[in-house]
Amino acid sequence: MKGRHPLLLGAGLALALSTLAAAQDAPPAPAASPSPGARPSPAPLVNTLKWSTASEVENFGYDVYRAEKEDGPYVRINPQPIPGATTVDEPSFYQYVDADIDPAKGYFYYVESISLKGVREKFTPVIKAPPKRPLPGASGSPSPSPSATPSASPPASPSPWPSAPPSPSPVPPSGD
């Protein structure tokens with residue numbers, strides 16, 4: 001396999017900048033009558049990194065790194081390596097949810113692969129996650145720049161990740 005990365009024969013990476021991942025894992029809340037002026041509490045804001053491989057060779061796993069500036073310093077944020085698929089000739093899909101974020105800050109991420117022999121290689125390009133909320137006192141919301149598009153090379157096949165379900169519409173009280 002000279003000239004080819006021993007771990008990857010095709011990969012894709014995306015950064016989901018929403019609360020969908022956290023909302024999908026949460027149990028449904030019991031229905032309650034809204035009190036006047038009550039607002040539902042928002043789901044926590046997270047950055048979700050998703051990546052895939054077309055196949056893998058001797059892959060032990062992955063570490064995710066984060067920084068507040070593109071040039072670092074980067075710090076590993078997963079406590080243990082995310083287990084890899086060792087050697088497979090089929091697609092594998094991964095994700096990491098970073099719930100320890102300040103919604104007023106932007107972050108930069110990359111994923112590092114770890115071979116079964118312990119060799120570490122930068123697996124993805126640096127991905128920018130813009131702030132979720134404007135800084136206190138700032139007017140308007142942050143406008144994403146072209147570099148804020150969180151994607152790398154496209155996946156070999158359509159994404160297996162579900163799209164966001166439609167938001168439920170409020171049902172007006174009946175006049176019975």
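**Close-up views of a predicted model**

**View 1. Aromatic pairs, with Trp51 and Tyr62 in focus.** Seven aromatic pairs are counted in this predicted model. Trp51 belongs to strand β2 and Tyr62 to strand β3, so their pairing ties together parts that are eleven residues apart in sequence. Both Trp51 and Tyr62 are buried.

**View 2. The largest nonpolar core.** Here you can find 15 residues, and those with the most contacts inside the core are Trp51, Tyr62, Val64, Ile82, Tyr109 and Val111. Two or more residues each come from β2 (47–53), β3, β5 (82–88), β6 (92–98) and β7 (107–115). Strand β7 provides the largest share, three residues. Zooming in on Val64, its contacts beyond four places in sequence include Leu49, Trp51, Ile82, Tyr96, Tyr109 and Val111.

**View 3. Arg66 and its polar partners.** Arg66 sits in strand β3 (residues 56–67). With a relative accessible area of 17%, Arg66 falls under the 20% limit and is therefore buried. Its side chain makes a polar contact with the side chain of Asp98 at 2.7 Å, and the Arg66 side chain also reaches the backbone oxygen of Asp100 at 2.9 Å. Beyond four places in sequence, the residues in contact with Arg66 also include Pro73, Tyr74, Ile101, Tyr107 and Phe108.

**View 4. Lys122 over the ring of Tyr110.** The charged end of Lys122 sits over this ring, 4.9 Å from the centre.

Notes:
Residues numbered from 1 in each chain as written. Predicted model: local features only at pLDDT ≥ 70, side-chain atom pairs only at ≥ 80, totals over all residues. Heavy atoms only, no water. Helix = DSSP H or I, 4+ residues; strand = E, 2+ residues; numbered from the N terminus. Buried < 20%, exposed > 50% of the residue type's maximum accessible area, 1.4 Å probe, protein only. Polar contact = N/O pair within 3.5 Å; in protein donor to acceptor, adjacent residues only side chain to side chain. Contact = heavy atoms within 4.5 Å. Core = buried A, V, L, I, M, F, W, Y, C linked by side-chain atoms within 4.5 Å. Phe/Tyr/Trp six-rings, centres within 6.5 Å; stacked < 30°, edge-to-face > 60°. Lys NZ or Arg CZ within 6 Å of the ring centre and 35° of its normal.
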